[in-house]
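Morning, everyone. Let me put the model up, and then I'll walk through its interfaces.

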Amino acid sequence: MIKRALSTAAFAAAAALAAAGAWAETIRIAYIDPLSGPFANTGAQGLAEFQFYAQQLNKKGGVLGKKLEIVPFDNKVSPQESLNQLKRVQDEGIRYVTQGNSSAVALALSDAVAKYNERNPGKEIVYLNYAAVDPALTNDKCSFWHFRFDAAADMKMEALTAVMAKDKSITKVYIINQDYSFGHAVADSAVALLKRKRPDVQVVGNEFHPLGKVKDFAPYVAKIKASGAQAVITGNWGNDMSLLVKAGKEAGLNVDWYTFYAGGLGTPTAMGEAAAGRVKIVAEYHSNVANNKAAAWDAAYRKQAPKGNPDFYYLRGKNMFDMLVAAMNQAKSDDPKKVAYALEGMKTQGDLGELEMRKTDHQLIQPLYVFTLQKSAAHGGPKEAKIDMEHSGLAPVTDARVEGYVTATPTSCQMKRP
Amino acid sequence: MAVLRYRPLNLGRWLLWGATAALFVLAPLVFTHGFALTMMTQMGTFIIFALSYNMLLGQGGMLSFGHAVYSGLGAYFTVHALNLIGKGALAFPVMLLPLVGGLAGLVFGVVFGYVTTRRAGTTFAMISLGIGELVHACVLMFPGFFGGEGGISTNRMVGKPFLGITFGPAIQVYYLVAAWCFACMVAMFALTQTPLGRMANAVRDNPERAEFVGYDTQKVRFLQLVLSAFFAGVSGALSCINFEIVTDENVSALRSGGVLLATFIGGTGFFFGPIVGSVVFVFFVVALSGFTQAWLLYLGLFFLAMVLYAPGGIASLVAMQLPVIRARRFGELALPYLLALAAGLVAFAGLVGAVEMVYRISDASLDTHMSLFGVGFDARSPRPWTAFGALLAAGLVALGFAARRVGERWGAIQGELQGNRA
Amino acid sequence: MEFFVVQLLNGISYGLLLFMLSSGLTLVFSLMGVLNFAHASFYMLGAYFAFQISTRIGFYPALVAAPLLVGGIGMLVERYGLRTVHRYGHVAELLFTFGLAYLIEEAVHLVWGRAAVEYRIPPSLEGPLFAVFTSQYPIYRGFMMLVSVAMLVSIWLALTRTRIGLVIQAALSHPQTVEALGHNVPRVFMLVFGGGAALAGLAGVIGGNAFVTEPGMAAAVGPIIFVVVVVGGMGSLAGAFVASLLIGCLQTFSVGLDWTLAGLFARFGWRVTADTPLASLWSIPLAQAAPVLPYLLMVLILIFRPRGLLGTREG
């Protein structure tokens with residue numbers, strides 16, 4: 001493997017060979033996400049789960065008699081590097097791309113895929129987005145070649161505020177977000193939705209802090225405390241999330257946290273017990289949902305999961321591949337253009353309810369769950385808190401299930417079809 | 001006293017530049033694969049960037065940790081210009097857009113250079129770091145102009161095609177980059193020959209003396225930085241045209257650190273050093289990262305080895321051979337060199353084996369069975385560890401031995417050469 | 001009032017942590033002229049070592065052992081790395097530590113993985129120390145303040161009251177004379193570099209669990225401690241102390257204030273609307289710009305007082 005690195009020319013020849021059809025019997029899907037650097041852990045999670053899916057599918061004979069293969073490409077969460085990797089994907093003749101981490105990367109990829117498809121008819125690429133939630137991707141920047149299998153930020157906010165609206169003890173809400181497009185999208189939809197659902201609730205703060213640059217959140221917590229809020233809404237992720245909750249606990253801040261990304265990839269570990277009973281999360285899945293038809297799958301993944309990524313996290317990844325396979329079977333082809341047409345508008349029964357790939361904007365409509373992190377049953381928590389996250393002693397317990405139609409926000413997408 | 005030499009035609013130099021130009025033209029005919037083209041395009045932009053950086057570090061003695069600011073801001077202005085052309089609000093040939101980027105870089109060079117170049121040395125390094133962080137944070141704070149973390153994307157296929165050049169196909173972009181790269185190389189080389197370039201050297205080597213002679217060292221540094229910022233802006237503009245997107249990463253500390261690494265690896269003491277460095281660096285980042293997760297470690301190790309053992313960079317290693325070759329004594333060194341190379345390769349193979357095994361074991365998402373150099377094994381079993389350990393140890397011992405021989409021979413030849421000269 | 005007191009305490013405790021980090025850096029810089037880019041990496045190593053030791057033995061042994069380990073690594077780095085590149089000048093030394101920072105980060109990835117590790121505050125230091133009106137002030141923050149003040153006092157005592165401290169001070173200004181007097185100056189350098197690394201390691205031990213112990217923590221604090229050192233004056237310990245507290249409080253207080261330039265202009269009768277040129281610049285609240293302020297302060301200091309607040313020499 002290193003020998004090849006010694007000569008680009010040799011590499012080029014190898015890649016050209018591969019493109020020439022040595023893999024005709026496999027359908028390759030390029031997985032473009034961070035695999036080195038600070039976010040490598042996030043990328044490793046999706047890769048492990050998707051490779052598990054491919055392995056399970058191939059055991060059953062694959063799709064259209066062909067094997068499914070996930071080919072990893074490291075983008076270092078940089079939009080520019082992602083485009084580099086996309087060029088590589090094109091050179092190797094791979095026709096499907098999946099990516100999820102960072103909306104910045106997603107916007108760049110979606111745009112580049114659309115441009116490439118326009119310039120290279122007959123070699124189209126389909127882009128399957130499993131986690132980038134900037135609403136713009138299915139609104140003003142929507143593309144025929146992009147399909148999103150995660151709920152957009154405003155849809156998740158619909159679900160969060162639906163739960164929040166029922167809690168009459170909340171009269172003051174504080175909103176704090178990272179200062180970038182996604183954070184602003186979260187804040188805007190939170191303000192708009194609260195106004196509609198609970199006009200009596202006062203938004204006592206709408207704060208933005210720089211992304212990943214704050215080391216000490218104590219001053220922000222003091223500000224939240226001074227505002228008298230009972231609940232905080234935040235789209236923070238990574239350290240910005242865990243530091244915020246930890247600082248809150250230290251200062252004795254008595255609020256509920258309504259979050260997007262406190263549920264995985266190191267955050268439960270970092271927050272620790274500070275989060276128990278306090279942190280609510282919106283997502284399409286957690287391991288302790290009622291009537292969990294994906295339980296067997298979840299358990300099978302856990303059994304062989306790598307040490308660094310022990311939890312089954314992306315049910316939407318499974319949904320994505322299930323629907324892709326269904327679309328290929330329906331189109332009786334793995335030609336991306338045909339598959340894309342089969343995929344749009346598709347309705348299927350998922351493990352936890354109905355899934356619909358909305359035709360107008362290629363946004364998956366799916367049921368969402370709002371859940372709270374509790375001490376796991378083994379640590380004296382409620383008995384539903386069976387499976388904990390990352391062996392942290394924190395386990396998710398459902399607060400509410402929000403049906404897909406509730407979260408289906410209107411779209412401004414003007415889709416151009418080829 | 002230096003004697004002024006007059007040469008009607010420096011044949012060697014013309015040949016060298018001619019060969020460089022030919023290399024630019026012919027490279028895509030040899031490396032026809034799409035990915036090779038992508039990489040060469042990036043090398044071209046990076047060469048301009050690294051050369052402009054070396055105007056500060058190598059020629060002016062200014063260690064900057066924020067050079068990406070100029071290329072990045074140049075790229076942002078280019079992308080807006082390109083979008084204006086796309087909307088029809090501006091008529092400007094895409095081919096000349098790097099001038100826009102260069103101009104933007106130049107303007108910001110004037111603004112920031114006024115602050116940074118007041119000091120030299122470590123303080124300059126610190127201020128440049130601070131300005132870099134400041135600009136990076138601001139880019140994320142003003143999404144109106146900079147597009148937030150998503151950046152600003154664009155389409156380079158705008159305006160009327162000129163002689164059928166639309167810049168759709170990657171090969172056309174490559175030749176655009178190649179042409180600009182060559183032009184910038186010539187321009188930056190010419191600059192080193194001007195009085196300003198010479199004064200920058202003087203200010204680098206002995207600012208006090210330069211002051212006594214009557215030069216304003218601050219002004220020299222300022223001019224040097226402004227010009228360097230112009231070329232950095234050009235390279236930013238080219239990368240914007242190549243990627244059709246500009247993000248905050250273009251002004252980030254990572255980019256600034258990268259150009260420092262590349263320039264240093266290549267060698268700051270020679271004009272062509274950064275060119276070599278860029279080629280190596282882009283290869284590390286773009287190509288090697290596709291093969292191994294450990295590319296950052298290899299890059300770090302390589303950089304440290306260069307700092308410790310060859311602080312003049314690759315260029316100085318090459319340049320050291322020139323007098324020996326000229327004296328027709330290289331043949332005597334060939335054998336020891338070959339020995340050292342062979343020993344080095346053995347040690348390198350051992351190192352690569354050990355590093356890859358460590359990564360394999362530490363990355364829990366992979367099982368520990370792997371294959372390297374065409375041999376399959378389990379990274380947890382002791383046998384490959386002994387094998388690679390032995391390779392590494394044997395290689396290092398042999399390398400030490402070979403290095404001593406090279407040193408002896410080298411010392412002898414140098415002694416004789418100097419004896420002859422005296 | 002409550003808000004003010006809480007913010008003041010937060011500002012001071014954050015400032016003191018910054019001081020712990022920057023004291024080692026400025027000490028090494030003043031003595032050796034080396035700007036150690038890997039300084040924040042030593043901070044990270046301190047946190048990881050403390051995590052490892054505290055899960056095996058306990059937090060208090062870690063408080064002693066981890067800094068010593070980091071200090072030992074620092075000495076090895078000086079002996080086998082920096083001393084070799086010393087003859088190539090300060091830029092080479094700086095670049096060496098720059099490359100070292102890359103390597104340490106990769107090493108941390110390899111040994112402890114890429115996600116955050118579970119380094120917790122010990123139960124004995126958990127909980128509120130006292131209450132400021134209705135807000136609690138955590139014990140651990142008090143502990144952090146205590147440790148860093150103790151550190152400041154002991155550095156000062158060691159430098160002014162002990163024999164080795166006097167040798168260090170002398171070696172700082174007159175290395176040749178000190179060498180001529182029979183002191184081993186390279187060994188003094190090694191000790192100082194190790195000591196600087198150990199201080200960073202100590203900061204890591206108590207900062208790692210107060211915040212998050214993860215591979216990005218070095219890159220997160222790296223630039224800010226350089227700002228502290230520059231603002232305080234290169235090589236001035238007292239300057240670093242003042243600058244740390246200043247920057248700590250500056251950042252903390254600005255978070256609480258929703259002032260904008262537009263608001264300021266409005267007092268003078270200028271109205272900023274969406275059409276005003278650079279409208280987004282004028283209407284950014286101070287709170288949002290808080291983390292940028294240290295860099296702005298640094299640039300201003302360098303323009304108006306290039307040697308820093310308490311520095312005695314320039315550049």
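Ground rules. This is a predicted model, where local features need pLDDT of at least 70, side-chain atom pairs count only at pLDDT 80 or more, and totals for chains, interfaces and linings use all residues. Residues are numbered from 1 along each chain as its sequence is written, chains are lettered from A and ligands numbered from 1 in the order in which they are written, and side-chain values use heavy atoms, with hydrogens and water left out.

Start with chains A and B. Chain A puts 37 residues into the contact, and chain B puts in 46 residues. Contact here means heavy atoms within 4.5 Å. The two chains bury about 3800 Å² between them, with 59% of it on carbon and sulfur atoms. Buried area is the accessible area, with a 1.4 Å probe, that two parts lose on being put together, summed over both.

Nine residue pairs are in polar contact, both at pLDDT 80 or more. A polar contact is a pair of N or O atoms within 3.5 Å; within protein, one must be able to donate a hydrogen and the other to accept it, and residues adjacent in sequence count only if both atoms are side-chain atoms.

Which helix of chain A gives the most to the side that touches chain B? H4(A) does, with seven residues. By make-up, that side of chain A has 15 nonpolar, nine polar and 13 charged residues. Nonpolar covers Ala, Val, Leu, Ile, Met, Phe, Trp, Tyr, Cys and Pro; charged covers Asp, Glu, Lys and Arg; the others, Gly among them, are polar.

Next, inside chain A. Domain 1 is 2–153 + 296–365, and domain 2 is 166–290 + 369–407. Those bounds come from an automatic or database domain assignment. Their C-alpha centres lie 29 Å apart. Domain 1 brings 22 residues to the contact and domain 2 brings 23 residues. About 1700 Å² is buried between them. There is one salt bridge between the domains. A:Arg316 also pairs with A:Glu284 in a salt bridge, with the closest N and O atoms 2.8 Å apart.

Then the disulfide. The count over all chains is one, where the rule is a pair of cysteine sulfur atoms within 2.5 Å. A:Cys142 and A:Cys413 form it, with their sulfur atoms 2.0 Å apart. The link is right-handed, with 80° about the S-S bond. It joins distant parts of the chain, 271 residues apart.

Last, chain C against chain B. Here 40 residues of chain C meet 33 residues of chain B. They bury about 3600 Å², and carbon and sulfur atoms give 83% of that. C:Leu95, C:Tyr102 and C:Leu110 supply 18% of the area that chain C buries there, more than any other three residues. The side divides into 30 nonpolar, seven polar and three charged residues.

Note on methods: Helices (H or I, at least four residues) and strands (E, at least two) are DSSP runs, numbered from the N terminus. A salt bridge is a side-chain nitrogen of Lys or Arg within 4 Å of a carboxyl oxygen of Asp or Glu.
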